[in-house]
Amino acid sequence: MRYLLLLALLWLAAAPAVRAQTTPAHRYWEADGDSLRRVLDTQRQDTARLRTLLHMFDVGGYRSAGDFDSLAQERIQLLRRLKRPEAHAFQLYYVDYQLFKTKADLATRLRAVQASVEAFDSVGRPAPGLLGEVGAMFRALNQPEKRIAYFQAKVAQYKTRGARENLAACHHLLGAPLVQRGDYNQAIGHYLRSADLYRTFQRTSQVNELKVVGAQYAEWGNPAKALAYMQQSLAVGATLPPRTGAAFDPYTYRNMAQAYRHLGNDAAALRYANKSLTRGGPTDTIRAYAFQFLIDRAYGLVSKSAVLLDLRRVAEAGPLLVRAQQLADSLKIPFDTPNGYLELDATRARYYAAQGQPARAEQAWLTAYRKARELKIVPLRLAYLRALADFYAQRGQPDPAGRYARLGLALADSLRTQQGAFQVASYEAERAEQVQQQRIAALRLAQVQDAARARRQRLLFFSTLAVLAVLAGLGFVLWRANRQKQRANEQLSQLNEAVTRQKHDLQSQRDQLGTSLTELRATQAQLVQKEKMASLGELTAGIAHEIQNPLNFVNNFSEVSTELVEELQQALAASDTAEAAELAGDVAQNLGKITQHGKRAAAIVKGMLEHSRASTGERTPTDLNQLCDEYLRLAYQGLRAKDKTFNAALKTHFAAGLPLVEAVSGDVGRVLLNLFSNAFYAVQQRQQTGESSYKPTVSVSTKQLDGHVEIRVRDNGTGMSEPVQAKIFQPFFTTKPTGEGTGLGLSLSHDIIAQGHGGSLSAESQVGHGTTFSIALPLNGTAHVAAT
């Protein structure tokens with residue numbers, strides 16, 4: 001219950017939107033938490049959501065306990081994902097929240113929330129709400145002295161760091177335990193310091209501090225000061241827009257009623273007690289301020305009952321006290337809350353005494369005194385001791401009356417010794433002295449400004465004289481400049497002649513450079529043609545070798561068939577029909593083989609004719625599996641035609657059901673031929689090093705990825721170093737010996753794939769392990785499927 005009460009007050013103090021005369025210094029802490037929550041619903045980027053979640057940590061805006069929990073977890077996840085230093089601090093804060101949900105013991109929770117504060121301090125992030133939780137834990141554990149020691153140490157720490165937000169919270173949290181001790185002087189001083197700090201960044205909290213100062217002055221017995229500060233709080237609050245759902249005005253009005261009671265103005269006291277009860281109900285009953293509304297109602301009923309008892313309108317006070325007791329019981333409102341002391345027992349004691357029920361009055365007074373003593377609230381102990389002494393004296397019981405009177409006198413003497421007799425906080429004198437010092441500083445500044453003004457006037461006079469001297473000198477300078485201008489014109493004429501000569505020289509150099517550029521372009525065209533011819537040579541050698549196989553079969557079967565025909569003729573001549581039939585079957589079988597291998601040779605020639613046709617640049621649906629297989633074998637046979645001793649393992653891994661790709665098949669074939677030739681060259685070079693267990697292997701694979709088809713050509717050859725890989729696609733760069741390569745093969749291949757087909761060509765290589773070239777060609781939505 002205490003945690004919820006504190007959370008409600010923190011939300012009420014932080015969540016309101018205060019935009020009246022807002023400056024950049026106020027905009028952050030006076031933001032509307034509900035608006036931030038709505039903005040969060042529209043954000044998708046991590047950085048934007050984290051910024052809003054951190055802002056809500058400071059100003060509130062959570063819709064429910066579940067909303068608070070889920071957003072706290074998201075905040076921790078985003079902090080970790082973005083590697084922010086606050087992640088650990090927010091994790092500790094969430095651990096404290098889980099301890100609250102599981103109703104852990106207060107001492108454990110106090111240690112957890114103190115650890116959270118230290119974590120936030122270590123990263124320099126303000127956390128006034130966490131400091132408020134520390135204060136609430138000390139209050140719940142009834143440890144006012146430890147609370148004072150903790151926050152005094154924090155005040156010293158935050159002053160050194162200049163942590164304004166935390167310092168304001170610490171001054172506020174020092175006030176309540178000092179009031180419990182009866183030290184109104186220091187308590188009010190801390191509340192005023194808190195108000196001065198809040199004025200610089202969060203004016204709603206400044207309003208709250210001013211009304212608390214007024215309430216403490218009323219308890220201290222200085223009603224004039226009390227009314228002045230509470231009127232000031234109302235005036236500052238009137239300049240701010242109304243807040244969503246709830247306000248602190250009931251707190252102000254019932255404390256103004258208390259001040260008027262001290263002044264003996266019962267009519268004004270009753271008026272303000274009524275005002276504390278006339279506020280309408282909350283518009284949103286599920287938010288924290290709905291809970292606060294009922295607490296304000298209980299306090300207001302007790303305040304009005306006390307005023308009615310002063311006016312001897314006892315009968316009217318009874319129902320109000322009954323309703324207040326019902327609210328206190330149902331809401332489990334403790335005696336000591338951030339709203340002040342709920343003096344329900346003391347007011348009931350007065351009511352029972354006025355009703356002529358001394359036994360019940362005595363019990364109520366003793367209950368009130370016991371609570372004040374247990375909570376170590378010195379001012380209320382003194383008030384209740386005096387009330388008990390008066391009660392027993394009126395009842396004719398001198399012994400208890402004397403005992404409580406002596407206790408009251410001893411406690412009063414200690415308070416007078418501690419507080420003095422002026423009942424004005426010493427901080428007000430300090431602040432007045434500061435104002436006086438500021439006025440003195442302002443006067444000194446004015447004197448300095450007057451002296452500076454006199455110096456400026458003297459400077460202006462001497463400056464005028466200097467200007468006149470400068471004007472005189474300027475006339476001389478102009479005359480001299482005119483003479484120099486004439487000389488400069490002569491020099492300019494000479495310079496123009498020199499520039500004209502240089503212009504003619506530059507034109508001659510430009511003509512020479514143009515001639516050189518033309519020759520360079522012709523040379524480049526020759527090199528490109530040479531690369532094409534080299535590719536053509538390799539292709540021709542491969543074709544010749546590939547056709548040689550079926551032609552050999554044709555020749556062999558033809559020779560065998562000739563011999564069989566001769567044997568057939570002999571068998572017919574001998575009338576051996578069985579032998580003739582068998583020989584005729586062999587001849588037919590040989591002729592079939594001849595036909596089969598003849599068609600194979602014709603198919604190779606036909607395919608090469610198709611690929612050798614001049615490219616029109618038009619893309620057609622192309623079977624990449626078939627294209628890769630053909631050019632792999634052509635490149636291999638081309639190298640074998642040059643080096644009969646060379647052998648390599650060919651591996652193919654073609655994707656089944658590969659879609660046809662819109663491409664210029666001749667251009668893509670030239671790229672594949674170049675890559676296969678380079679791969680065979682690499683494995684041949686490594687084979688020549690004499691490795692005993694080395695087996696040359698060249699593989700090609702195809703597969704379909706998202707939106708494109710990938711061709712990978714891999715060899716286990718010599719590999720390339722990183723500097724070589726960085727240059728392989730540059731024109732004229734080659735690793736082959738002089739005369740064996742032009743350095744244009746990979747450059748032209750890259751242009752064909754990247755510029756001609758909108759794809760990509762990349763290489764991965766490791767020295768001593770081999771090289772992999774990857775071609776990625778985009779799909780064009782064709783419905784055709786390639787052969788497998």
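1. Arginine 670 and aspartate 667 form a salt bridge (a side-chain nitrogen of Lys or Arg within 4 Å of a carboxyl oxygen of Asp or Glu), with the closest N and O atoms 2.1 Å apart. This is a predicted model, in which local features need pLDDT of at least 70 and side-chain atom pairs count only at pLDDT 80 or more, while totals for chains, interfaces and linings use all residues. Residues are numbered from 1 along each chain as its sequence is written, and side-chain values use heavy atoms, with hydrogens and water left out.

2. Helices here are DSSP runs of H or I with at least four residues, numbered from the N terminus. An α-helix has 3.6 residues a turn, so residues three or four places apart point the same way. Aspartate 667 is buried, with a relative accessible area of 15%, whereas arginine 670 is partly exposed at 40%. Buried means under 20% relative accessible area, exposed means over 50%, and partly exposed is in between (1.4 Å probe, protein chains only).

3. The structure holds 30 salt bridges. Some share partners: Arg37, Asp41, Arg63 and Asp67 are joined in this way into one network.

4. Helix α24 (residues 624–642) contains both arginine 633 and aspartate 629, which are four residues apart, about one turn of the helix. Their side chains form a salt bridge, with the closest N and O atoms 3.2 Å apart. Arginine 633 is partly exposed at 36% relative accessibility, and aspartate 629 is partly exposed at 23%.

5. Another salt bridge links the side chains of arginine 84 and glutamate 86, at 2.9 Å from N to O. Arginine 84 is partly exposed, with a relative accessible area of 33%, but glutamate 86 counts as buried at 10%.

6. Which residues form the negative surface patch? They are Glu559, Glu563, Glu566, Glu567, Asp576, Glu579 and Glu582. Patches are made of residues with over 30% relative accessible area and no salt bridge, with like charges joined within 9 Å and nonpolar side chains (Val, Leu, Ile, Met, Phe, Trp, Tyr) within 5 Å. Asp and Glu count as negative, Lys and Arg as positive, and His and the chain ends are not counted. Helices α22 (426–573) and α23 (577–612) each supply at least two residues of the patch, and the largest share, four residues, comes from α22. Aspartate 576 sits in the loop between α22 and α23 and is partly exposed, with a relative accessible area of 37%.

7. A nonpolar surface patch is made of Phe461, Phe462, Leu465, Val467, Leu468, Leu471, Leu474, Phe476, Val477, Leu478 and Trp479, which together have about 1,200 Å² of accessible area. Valine 477 lies in helix α22 and is partly exposed, with a relative accessible area of 45%.

8. Helix α17 (residues 314–331) has 18 residues and should span 26 Å at 1.5 Å a residue; its end C-alpha atoms are 26 Å apart, which agrees. The expected span is 1.5 Å times one less than the number of residues. The buried residues of α17 are Val314, Ala317, Gly318, Leu320, Leu321, Ala324, Leu327, Ala328 and Leu331. Just after this helix, lysine 332 takes a positive phi of about 55°.

Definitions and conventions
Accessible areas come from the Shrake-Rupley method with a 1.4 Å probe; for residues, only the protein chains shown count as cover. The place of a charge is taken as NZ of Lys, CZ of Arg, CG of Asp or CD of Glu.
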